[in-house]
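Look at the model below and follow the chain as a whole before turning to its parts.

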Amino acid sequence: MSYRLAIRLWLASECIAAIVMLFVWTQRTDASDIPAQNAKTLPRTQELQLAEPLDVAMVRGISLFAERELNNSQAQRNAPWLAHSINSQEGQADRDAARKEWKEIIGFPEPLSSVPQLSIAGSGALSAEHTAPWADYIVTVVSTCQWNTTDRITGRGMIAVPKQLRLEPKKTVPLIVVIPDANQTPEQCFGIQPGIPDDQQYAKILALQGYVVLCPALIDLNSDFSGHPAVRFTNQTHREFTYRLGFELGRHPIGYDVAKVLTGIQAVQREFPASELKVAAIGTGEGGLVALAAAAADAEAIQAVAIRGYFSERNRVWEEPIYRNIYGQLKKFGDAELASLIAPRRLIVDASNAAEIDPPKEIPNRATVAAPGVIRTPQLDAVKREFARAQAYYQKAGVPDGVLLTSGDSAESHTIDSLNDSLKKLGASPVVTEVAITLAPTIVPPSDEYLKARSKTQVDEINDDCYRILHSCHHTRRELWSKAKLTTPEEFSKSMDEYRNLVHDTFIGRLPNANVPHNARSRKVIDTPTHSGFEITIDVIPAPSGDTKAADALNQADPGIFAGGVLLLPKDLKPNEKRPVVVFQHGLEGTPNDTITEDQSTRQWKAYQAASTELVKRGFIVYAPQNPFRGFDNFRVLQRKSNPLGRSLFSYIIEQHRQTLRWLADQSYVDPARIAFYGISYGGKSAVRIPPMLPPTADQPGYCLSICSADFNEWILKNASGEDRYSYVFHGEYEIFEWNMGNIANYAELTWLMVPRPFMVERGLDDGVAPDEWVAYEFAKVQRAYMKLGIRDLAEIEYFDGPHAIHGVGTYKFLHKHLNWPER
């Protein structure tokens, strides 16, 4: 053998060996993620040893994270509007901006009436029958009154005016606004109606001292008008009912009450133009909340304020009635920060007991749908801690003595004395100095009919105001989205980035994008001739303590935030093959197994039609995630724990899916460009919130298409209507409401965020989610956009004669077509 031939043979053998090694390595790498037939876990995962259902651990982990974030938020708030001197131009501008933001998040109903006009009983709009129950004090007249707040909203209550003020107007006169608790009436505050101890009848006490006293009626805690005669009545209080009517539209009972207080002050000032009224306010319980909110919202209206039985830390506001839920409040505005907006004006914090509210009760012949929540007197230690923070702000504002804490048996009298001192320092003194006023013997308490009529008026006015916004907010959205030009799909899609951020930053809310290692764990739970199933978990935001890499990490008390579900793999997967994935999302109170079971006797099969199993038999890889909308109040309260920081349930769900997409894309058998989303009911709600927020990008896999089943409709109408039986206003899903969504995006606008990705709606004619007209109306806006952009075939709707269930005809064809996978 020649030397050259030997060299050639050696080179050839080396090349062959290299090729063989490369082939073996390629096969090992590409095929290594396909589990062996007898494998108990997926390759590159630890064994999952979870001792409880996925949903239980998942909801607990999110709940603990949300509480931890609330607790940490207090230290992160620092009243940035105090960075400059409060007397400087920059400082005033910063504080004005903060007040504007505060008014927005409490749903302040602007524009207010430009000329608030006070009508006192016996004149104006009040009829004689409403004046009959009231009589004069000897020198002070106590009357019912009302005033216009907006063109649809009026304030109502009682006012005490010394007769001498009418005869001899004084230059500087004190007006005290006494704001009762929501379960108290102005009549009780004046001692005309029983129910409040004598030493807490502040309106009467102050009237006896010769002050002008205005006592507005808050939206109350009765439930007589919480419903609609053509739909149903509920056990919600009027405050919760009006909360539900307005939340989706950017309105809130707190904002309405604050507006009534501020316009009431203006109306009284207009009634006595010859007098300079110096204004103080004292609020009890819910009235304390309103007093604090009103004084913070307006820089001049109230010169001194006292808060009784409310001021405290707010990190457990989620335990209180839902009508105290203010979206995004605790990012900037704890009670101490609101106090900083009152500085340098006088603030008195009275730590006396307030009226306590028990959980909602069942009411005969009414739907029991009220959200849970209680009110308890704030713990003194919590009050002191928040007061110390307020005191630090007052120190920074240059008025260290401007805030006072009273507590103990004499707190109530100290509060009144402090208000008196504050008004005296402002140059205001009572109109009558030595008053011995007694009630006229003929005075009688108000009739139930009168009180109910006043209560009904307040509820009806808010209903009408929200109804107006509801039926005009599509104009607001049209103007907001007008920058999106229907030119080309590329240009339209590019313009959606700004709107995607808007939606994510407003009513959905963001979590920090942790981008942590997957730390995937798995265990085989299904083995059939056609496919295998593995229950998996993936880390999203690990708990701050503990070894989260341990195989049993999820069994800790705090499992952190993780994603989980069941992955179904066809057994005919071939080496080097990359298949499309369908992520099939269950509905409310569902589990992955509900979408998998083939037991036709079950309720789950009737709704889901074993869709996950059907899809894997068609050759798709299927992932059925467990989402956290399961566990009734256990999951619903997650929304309550998240809203104060400007977050929602979908803040967590989106991050779960973001991390899940990363993990799926990392599997050798998955084609990252062909991952689809298909969801039913609450999963359909997910279909218009998750894929739009997770488009494919250069550095992040996303959903290439979305199918919304049994949910798509005129969502704003469904959440804010006070007269349609479909509306969540009348049902138990109190977590469903998303702040101000009506003025930002409906389902059509959310779907535009999918362009140019395919989108489909599956609609059963007998589905009680909404009438077909609502569905067709909203989808028409989607279809128009796709047609105008020349991609008509990418948006479809299938109607079928059936219930709230998977139909699986047009949607399956849609998946095969757009995932480029042949039908079997």
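Two residues are in contact when heavy atoms lie within 4.5 Å of each other. Among contacts in the protein between residues at least 6 apart in sequence, 78% join residues at least 24 apart. This is a predicted model, in which local features need pLDDT of at least 70, side-chain atom pairs count only at pLDDT 80 or more, and totals for chains, interfaces and linings use all residues. Residues are numbered from 1 along each chain as its sequence is written, and side-chain values use heavy atoms, with hydrogens and water left out.

Consider overall size next. The radius of gyration is taken over C-alpha atoms, and the globule rule is 2.2 Å times the number of residues to the power 0.38. For 824 residues, a compact globule would have a radius near 28 Å; the protein has 32 Å, which agrees. Along the principal axes, the C-alpha atoms fill a box of roughly 130 × 60 × 50 Å.

A residue is called buried under 20% relative accessible area, exposed over 50%, and partly exposed in between (1.4 Å probe, protein chains only). Of the 824 residues in the protein, 60% are buried.

The protein has 28 helices and 21 strands. These are DSSP runs numbered from the N terminus: helices are H or I with at least four residues, strands E with at least two. Strands of a sheet pair through backbone hydrogen bonds, either parallel or antiparallel. Here, two strands pair if DSSP finds at least two bridges between them.

In what order do the 9 strands of the open sheet come? The order is β2-β3-β4-β6-β5-β9-β10-β11-β12, with mixed pairing. At the edges are β2 (118-120) and β12 (403-406), each pairing on one side only. Within the sheet, β10 (residues 304-308) and β11 (residues 346-350) pair in the parallel sense over 5 bridges. The bridge partner of Ile307 in β11 is Val349.

Helix α14 (residues 411-425) lies across β5 (172-179), β9 (276-284), β10, β11 and β12, and runs at about 175 degrees to β11. Axes are lines fitted to C-alpha atoms, for helices over the stretch in contact, and angles run from 0 to 180 degrees between N-to-C directions.

Finally, find Val688, in the loop between α23 (682-687) and α24 (690-693). Is Val688 buried or exposed? Val688 has a relative accessible area of 1%, so it is buried. Leaving aside neighbours within four places in sequence, Val688 is in contact with Cys708, Phe712, Tyr747, Leu750, Thr751 and Phe759.
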